[in-house]
Amino acid sequence: MEDRFDIAVVGAGAVGSILACGLSDLGLSVVLIEKVPVSTSRQPAFDERHLGFSRSTMMVLRGLGLWSAMSEGAVDISRIHVSSRGRFGSVVIAAEDEGLQSLGYVLPARVMGRVLYETVAERDNIEVIAPATLICADVTEEAAIVVLETEQATRTIKADLLIGADGADSQVRRLFHIGQSRQKYDQSAVIANLGVQELDTGLAYERFIEGGAIALLPRSETGYAAICSVDSVEAGHLMIMSNTEFGVYIQENFGGYISRVTEVGERFCLPLALVRSREVVRDRLALIGNAAHCIHPVAAQGFNLSMRDVAALLEILGKARKQGLHPGTLSVLQRYADWRKQDERIVVAFTDSLIRIFTNPLLPVALMRQKGLLALRYLPGLRKLFTRMVTGRLGRQAALVQGVSVTSSDIYG
Ligand SMILES: Cc1cc2nc3c(=O)[nH]c(=O)nc-3n(C[C@H](O)[C@H](O)[C@H](O)COP(=O)(O)OP(=O)(O)OC[C@H]3O[C@@H](n4cnc5c(N)ncnc54)[C@H](O)[C@@H]3O)c2cc1C
């Protein structure tokens, strides 16, 4: 069987599924290929994780008509408290200082997955093929070609453009022999949902501890999603602690900042690394999301960065369509790569330096860390810059991020 589509997207995680919705809004026919069954209970991309994301990400979701269904499960972040254990100095970043209602939101990944899978299933111009095994992929002058094996048959898919949204270990990237740079941090993230006696509504915490960091995202009126980024040996210890011991661990690290931990949910452990693809576009090929760049979650920026990629790619493909260019044209895709380069560089540098400064036990670095926090507290200009970074409002903004819907004919044609 041979099938022809405008776009083939490999990977129906958050990024691939959201992109597929936007491409469908542009009127393009899309095939969304996923290796695991698309039910959120069997999809590791939509696990027990809670995603903290910025206002710019919310704007993208809203522009794509996805936000109203997702927002029912979302909690607002109005302030972020940043501190370092054992050091004087903390800072609170507040939405109102930026004239915003909210700095960001927290959403259970499962809720996001459910809304996305319901949406793609309703679209006439999206075909979902899952579970499917990618056998090979190639590009010719005429099309990008993907051969798949499903439970029923082998299928050969042809598309104007192939997009790899298949995560950090992207098979698409490997099939096209695209190199990657990989930096190991020898760190792992231990994530768990916590219940607490009392919670300050809308307040998220970023706490740097010796050799790592703990983020607490308010996930409900009574609980946090905890992400502990620690060295891999310590992560092993955290995984075998009893629930009570883990609650005490969190409590001790946060001192008096949070109330008593009353409940600890199941814990998950994920190794952390910085993985960057050496190329993100070729003729008829683009990489996006973790397939293009997988960054440390210390500042919760990975998904945000990917949503700005999605907004930029949709804008460029919409404009190309208006000009009568097919979406796989290299010069079109190169515009996407050029546009996104600077934002990616800033986010990677920001995240990487946070890890280096805040996890280094040497005294001069520890003093620098304290100075950094104090500077953030007392220098309004620096705080503003930091807030713009956290809310995803640095650099050239795509129309979707600014609230222009993807169906606007002015922008997208
Ligand atoms: C512990 C942790 C906490 C995080 N917290 C935040 C946060 O708070 N805020 C934030 O902005 N970011 C956060 N991130 C980052 C965020 O989770 C990622 O940026 C985001 O999930 C990337 O999504 P993706 O769709 O690109 O990749 P993935 O989620 O990896 O999805 C890839 C999809 O492709 C499928 N796939 C893989 N191979 C194939 C194949 N060969 N064929 C077909 N399908 C395939 C997979 O099954 C999957 O569905 C966090 C990351 C971690 C590890």
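**Strand pairing, ligand shell and backbone exceptions**

Me: In this predicted model, which residue of β7 is the bridge partner of S54?
Reply: S54 is one of the buried residues of β3, and β3 pairs with strand β7 (residues 104-108) in the antiparallel sense over five bridges. Within that pairing, H50 has P108 as its bridge partner in β7. For S54, the bridge partner in β7 is G104.

Me: What is the strand order of the open sheet of three strands, and by what angle are its neighbouring strands turned against each other on average?
Reply: The order is β3-β7-β4, with antiparallel pairing. β3 and β4 (75-77) each pair on one side only, and they are the edge strands. Direction ignored, neighbouring strands of this sheet are turned against each other on average by 30°.

Me: What angle does the direction of helix α2 make with that of β3?
Reply: β3 and β7 pair over five bridges. Helix α2 (residues 55-63) packs on the sheet, touching both β3 and β7. The angle between the direction of α2 and that of β3 is about 95°.

Me: Which element gives the most residues to the shell around the ligand?
Reply: The ligand is surrounded by 35 residues, and the closest are G11, G13, G167, G289 and G302. At least two residues of the shell come from each of α1 (14-25), β3 (50-54), β12 (180-196) and α8 (302-322). With four residues, the element that gives the most is α8.

Me: How many residues of the shell around the ligand are charged?
Reply: By class, the shell has 18 nonpolar and 13 polar residues. The number of charged residues in the shell is four.

Me: Why is α8 described as largely enclosed by the rest of the structure, and how many of its residues are buried?
Reply: α8 has 21 residues and reaches 31 Å from its first C-alpha to its last, close to the 30 Å expected at 1.5 Å a residue. The helix is largely enclosed because most of it is buried, the count among its 21 residues being 18.

Me: Is H177 buried or exposed?
Reply: H177 lies in the loop between α5 (171-175) and β12. Its phi is positive, about 55°, although H177 is not a glycine. H177 has 6 C-beta neighbours inside 10 Å, so its class is exposed.

Me: Is R284 buried or exposed?
Reply: R284 is found in the loop between β18 (281-282) and β19 (285-287). R284 also has a positive phi, about 65°, although it is not a glycine. Because 25 other C-beta atoms lie within 10 Å, R284 is buried.

Me: What is the omega of the peptide bond from A130 to P131?
Reply: P131 lies in the loop between β8 (126-129) and β9 (132-139). Most peptide bonds are trans. The bond from A130 to P131 is cis, with omega near -5°.

Terms used:
Residues are numbered from 1 along each chain as its sequence is written. This is a predicted model: local features need pLDDT of at least 70, side-chain atom pairs count only at pLDDT 80 or more; totals for chains, interfaces and linings use all residues. A residue is near a molecule or strand if its C-beta atom, placed from the backbone, lies within 6 Å of it. Ala, Val, Leu, Ile, Met, Phe, Trp, Tyr, Cys and Pro count as nonpolar, Asp, Glu, Lys and Arg as charged, and the others, Gly among them, as polar. Two strands pair if DSSP finds at least two bridges between them. Axes are lines fitted to C-alpha atoms, for helices over the stretch in contact, and angles run from 0 to 180 degrees between N-to-C directions. Two residues are in contact if their C-beta atoms, placed from the backbone, lie within 7 Å. The expected span of a helix is 1.5 Å times one less than its number of residues. A residue is buried if 20 or more other C-beta atoms lie within 10 Å of its own, exposed if 12 or fewer, and partly exposed in between; C-beta atoms are placed from the backbone.
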